[in-house]
Amino acid sequence: VLHGEGRNLARQGDVAGAVARFEEALALEPTIATDSIYSGAWNRLCRAGVTWNQVALVLDACETAVKLAPDDGDIRDSHGLARALTGDVAGAIEDFGFAVQRAQEFSNRADFIESRTAWIAALRAGEYPFDAATLERLRPE
């Protein structure tokens, strides 16, 4: 359920439908909320909701992903987006800073590091760097 229909719905922008599938999956198998093997699925739901401007529907998914894998830079990046879009600027800066640090340590993805560093600077300056085109580029495939 998590890797099939729910993921496809989220990818297509039906975030409410994807959340419903996750809730069905939770009812059948409650351990998906506590087993770190599912952190990627929670992160994909989080990222989809954020990038389709439906962050309120996925805040719990974002939090669950972080709880399951707090040291995952990609998860913290998605969480940072959710925090930024809900006005938690300090939290977003913290998450993006962590994601940049992890990228520097493990992957050195220059484009990722550059964009997140620019977001941090913009947020610190009181700017909002997340326009519709940026969010669209960040949607999960």
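Glu 105 is partly exposed, with a relative accessible area of 42%; here buried stands for under 20% relative accessible area, exposed for over 50%, and partly exposed for what lies in between (1.4 Å probe, protein chains only). The model described here is predicted, and for that reason local features need pLDDT of at least 70 and side-chain atom pairs count only at pLDDT 80 or more, while totals for chains, interfaces and linings use all residues. Residues are numbered from 1 along each chain as its sequence is written, and side-chain values rest on heavy atoms, with hydrogens and water left out.

Glu 105 belongs to helix α6; helices (H or I, at least four residues) and strands (E, at least two) are DSSP runs numbered from the N terminus. Glu 105 and Glu 94 are 11 residues apart along the chain, and their C-alpha atoms are separated by 17 Å. Helix α6 itself covers residues 89–106, and its 18 residues reach 26 Å from first C-alpha to last, close to the expected 26 Å at 1.5 Å a residue. The expected span is 1.5 Å times one less than the number of residues in the helix. The buried residues of α6 are Gly 91, Ala 92, Ile 93, Asp 95, Phe 96, Phe 98, Ala 99, Val 100 and Ala 103. They pack against α5 and against α7 (110–124), where contact stands for heavy atoms within 4.5 Å. After α6 comes Asn 108, which has a positive phi near 50°.

How do α6 and α7 meet? Their axes come within 9 Å and cross at roughly 155°. Such axes are lines fitted to C-alpha atoms, for helices over the stretch in contact, and the angles run from 0 to 180 degrees between N-to-C directions. The crossing angle therefore makes α6 roughly antiparallel to α7, on a scale where angles under 35 degrees count as roughly parallel, over 145 as roughly antiparallel, 65 to 115 as roughly perpendicular and the rest as oblique. The crossing of α6 and α7 is left-handed, and its contact residues include Phe 96 and Ala 99 from α6 along with Phe 112, Arg 116 and Trp 119 from α7.

Helix α5 comes next. With 13 residues, α5 reaches 18 Å from its first C-alpha to its last, close to the 18 Å expected at 1.5 Å a residue. Because 11 of its 13 residues are buried, α5 is largely enclosed by the rest of the structure. Its buried residues pack against α3, α4, α6 and α7. At the start of α5, a side-chain oxygen of Asp 72 comes to within 2.8 Å of the backbone nitrogen of Asp 74, and just after the helix Gly 87 has a positive phi of about 90°.

Is Asp 77 buried or exposed? Asp 77 is buried, with a relative accessible area of 1%. Its side chain is joined to that of Arg 116 by a polar contact of 2.8 Å, a term for a pair of N or O atoms within 3.5 Å; within protein, one must be able to donate a hydrogen and the other to accept it, and residues adjacent in sequence count only if both atoms are side-chain atoms. Beyond its neighbours within four places in sequence, Asp 77 is in contact with Arg 47, Phe 96, Ala 99, Phe 112, Arg 116 and Trp 119.

A further helix pair is formed by α3 (residues 39–51) and α4 (residues 55–68), whose axes are 8 Å apart and packed at an angle of about 150°. That angle makes α3 roughly antiparallel to α4, and this crossing is left-handed. Among the residues that meet are Trp 42, Leu 45 and Cys 46 in α3 and Val 58, Ala 61 and Cys 62 in α4. In the loop between the two helices lies Asn 53, which has a positive phi of about 55° although it is not a glycine. Asn 53 counts as exposed at 57% relative accessibility.

Helix α4 has 14 residues and reaches 19 Å from first C-alpha to last, close to the 20 Å expected at 1.5 Å a residue. The buried residues of α4 pack against α2 (15–28), α3 and α5. Glu 63, also in α4, is partly exposed with a relative accessible area of 35%.

Technical notes. A crossing is left-handed if the near helix is turned anticlockwise from the far one by less than a right angle, and right-handed if clockwise.
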